[in-house]
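Hello,

Here is the structure you will be working with. Please open it before you read the rest of this email.

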Amino acid sequence: MAGGSEAPGDGLVVLVVDDEAPARGELAWVLDQDPRVSRVLAAPSGTAALAALEHESIDVVFSDISMPGLDGMQLARVIKRFADPPAVVFVTAHDAHAVDAFDLDAVDYVMKPVRQERIGEAVRRCLVSIERADRTGEDDDETVPVELGGVTRFVSRADIRYVQAHGDYARLHTATGSHLVRVPLASLEERWSEAGFVRIHRSTIVSTRHVTQVRMDQGRCTVVVDGDVELQVSRRHTRALRSTLLRLGERP
């Protein structure tokens, strides 16, 4: 994070980006009341935000999405290319971009009108993200925005047991249900490989932390997830899976 190594101890420096002055002022005021925030800056556009990021050490950007010129999504894409990017939280009146926010590594996605407790939760998530990044060099967990009954909710990657391909979509399976997201399986495999997700079939990746058993029966391999779901492992992925599980088992 930009200046993030000191943020948890000294308080977050936050940049609010919104082209509407009342919304910008309200969010800035709410953030300024949070004792975990030491300083709040504001920018009326994406271009102005980039100028502020160039001259200030900022830990978190709270940005609207629908703005003239450089919108929030475009701003986040630019920020993502920074060598030491700040965390990004989207604050918007529309939930249509929640899945795109996942692709851009957004820490949170807050719906307008803003509520103090909800902004407080976003600040908490930013602090967790920054602390994990400082401790491990990368965020060891993330949340995935999913649609459920017309409401955007967030699922922790740690709760995802396995993922199956559905064309250009992927279905995330947790202990309590499944969620379809507009992300190709190959993208999730690449992105989550360091978090212990491995390919076991051309249409399935599984979280090794949830694998409780590997079964071999007449040359056919399956894995048991959390003791209640059995998944087939293709022949071409069997050896790699067993090697990965053995390697993980040897870690101190």
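Please keep in mind that the model is predicted.

The residue first. Asp-34 sits in a loop, with α2 (21-32) on one side and β2 (37-43) on the other. Is Asp-34 buried or exposed? Its relative accessible area is 10%, and buried means under 20%, so Asp-34 counts as buried. What does the side chain of Asp-34 contact? There is a polar contact at 2.7 Å between the side chains of Asp-34 and Arg-36. Leaving aside residues up to four places away in sequence, Asp-34 touches Gly-120 and Val-123.

Now the sheet. It is open and has five strands, which follow the order β10-β9-β8-β12-β11 with antiparallel pairing. Which strands stand at the edges? They are β10 (178-181) and β11 (197-201). Each of them has a single partner strand, so one side of each has no neighbour in the sheet. From one strand to the next, the twist averages 25 degrees.

The partner of β11 can be looked at in more detail. Strand β12 (residues 204-207) and β11 are joined by four bridges, in the antiparallel sense. Within this region, Phe-197 is placed opposite Ser-207 in β12.

Finally, a helix belongs in this picture. Which strands does α7 lie across? Helix α7 (residues 185-192) lies across β8 (162-166), β9 (169-173), β11 and β12. The angle between α7 and β8 is about 150 degrees.

Regards

Key:
Residues are numbered from 1 along each chain as its sequence is written. This is a predicted model: local features need pLDDT of at least 70, side-chain atom pairs count only at pLDDT 80 or more; totals for chains, interfaces and linings use all residues. Side-chain values use heavy atoms; hydrogens and water are left out. Helices (H or I, at least four residues) and strands (E, at least two) are DSSP runs, numbered from the N terminus. Buried means under 20% relative accessible area, exposed over 50%, partly exposed in between (1.4 Å probe, protein chains only). A polar contact is a pair of N or O atoms within 3.5 Å; within protein, one must be able to donate a hydrogen and the other to accept it, and residues adjacent in sequence count only if both atoms are side-chain atoms. Contact means heavy atoms within 4.5 Å. Two strands pair if DSSP finds at least two bridges between them. Axes are lines fitted to C-alpha atoms, for helices over the stretch in contact, and angles run from 0 to 180 degrees between N-to-C directions.
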